[in-house]
Amino acid sequence: MPSSPTLDEIQTASHGGDGIASHRLAVMTANGFGVSQDWHSALTLLALSARQGHDLAEEQVRLLGMGEGRFDLQDWLTPPPLQTLSESPAMVLMSGFLAAPMCDWLISRGRGALNPASVFDADAGHAQQSKGRTNTSAQFDHDTMDVITALVRHRIANAAGMPLVSLEWSQVLHYEVGQTFDWHVDYLDPAVPGFAQDVARRGQRIATCLIYLNDNFEGGETAFAHEGHRHRGRKGEALMWANTLADGEIDPSTVHAGLPPTAGQKWVFSQWMRDRAQF
């Protein structure tokens with residue numbers, strides 16, 4: 001298997017007119033992957049990639065309105081007000097978190113990369129498919145992420161009041177009629193040896209954010225077992241909750257499920273956050 005290109009190789013290719021390399025460097029700079037995190041430099045690189053003819057960059061420049069001077073970085077990085085939905089679990093809603101065209105972009109990016117969703121098996125020590133999770137998902141890492149997804153991640157981090165480096169890889173989740181993510185928790189129970197090892201290595205998963213990317217479906221609520229909380233988000237809304245209590249202990253009231261749609265298809269952007277830098 002060929003090795004991944006080094007930073008020097010990516011920079012050299014970018015300087016040589018390679019739009020794909022310039023876009024990759026833009027994503028790295030936006031996230032702080034191996035280089036200093038710098039949004040102004042990342043956007044300059046995105047514009048360069050577009051001028052070099054990279055289709056993915058051209059689409060993002062157009063969607064962000066960069067060519068028409070409509071793009072406002074400060075507006076992007078400032079999340080909307082938080083509306084408290086519940087104290088237990090600690091859960092908030094943000095209306096208008098993403099505009100509809102951005103939701104459509106994330107769906108289009110996820111659609112071509114869907115695979116059966118998995119869960120982390122503490123005994124096996126790795127992720128694998130489970131009969132309790134029948135939906136599909138697309139993961140975005142440093143090789144597959146784009147600049148718009150990086151902007152969404154930073155907006156989530158700011159809403160949570162957490163550093164960008166605490167975010168795990170992002171996912172787009174897709175549910176067909178009848179597909180579900182059955183009752184589960186997002187925290188890693190330190191009483192389970194396999195989870196305790198992961199917490200020791202990467203930190204606890206302390207918060208979750210879901211962005212609803214569409215709403216033309218029936219059913220499919222995000223349901224919490226505690227006090228019967230259910231939420232069926234509108235397109236562009238973000239639902240965020242803490243998986244741990246103020247003292248850092250895990251919060252059992254966060255048991256939840258992605259209920260199955262009864263009509264249509266459900267698309268969600270999912271982001272987990274830890275209490276330790278991931279990259």
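In this predicted model, one cavity of 30 Å³ or more was counted. The volume of this largest cavity is about 160 Å³. Its lining comprises 18 residues, and those closest to the cavity centre are L173, Y175, F181, L210 and H256. Two or more lining residues are contributed by each of the strands β7 (170–175), β8 (181–184), β9 (205–212), β14 (256–258) and β16 (266–274). With four residues, β16 provides the largest share of the cavity lining. By residue class, the lining of the largest cavity consists of eight nonpolar, seven polar and three charged residues.

Open pockets were examined next. The largest pocket holds about 850 Å³ of space. It is lined by 35 residues, and S118, V119, F120, R205 and W272 lie nearest its centre. At least two lining residues come from each of β3 (115–116), β4 (119–121), β5 (126–128), β6 (136–140), β8, α8 (193–202) and β16. The largest share of this pocket lining, four residues, is supplied by β8. Strand β8 also gives two or more residues to the lining of the largest cavity. The lining of the largest pocket divides into 14 nonpolar, eleven polar and ten charged residues.

The second largest pocket has a volume of about 230 Å³. Of its 14 lining residues, L64, D75, W76, A99 and M102 are the closest to the pocket centre. The elements that each give two or more residues to this lining are the helices α4 (55–64), α5 (73–77) and α6 (100–111). Nine nonpolar residues, one polar residue and four charged residues make up the lining of the second largest pocket.

How values were computed
Residues numbered from 1 in each chain as written. Predicted model: local features only at pLDDT ≥ 70, side-chain atom pairs only at ≥ 80, totals over all residues. Heavy atoms only, no water. 1 Å grid on protein atoms, 1.4 Å probe; cavity = no way out; pocket = protein on both sides within 12 Å on 5 of 7 lines; lining within 4 Å. Points joined across faces, edges and corners; volume = space filled by probe spheres on them. Nonpolar A, V, L, I, M, F, W, Y, C, P; charged D, E, K, R; others polar.
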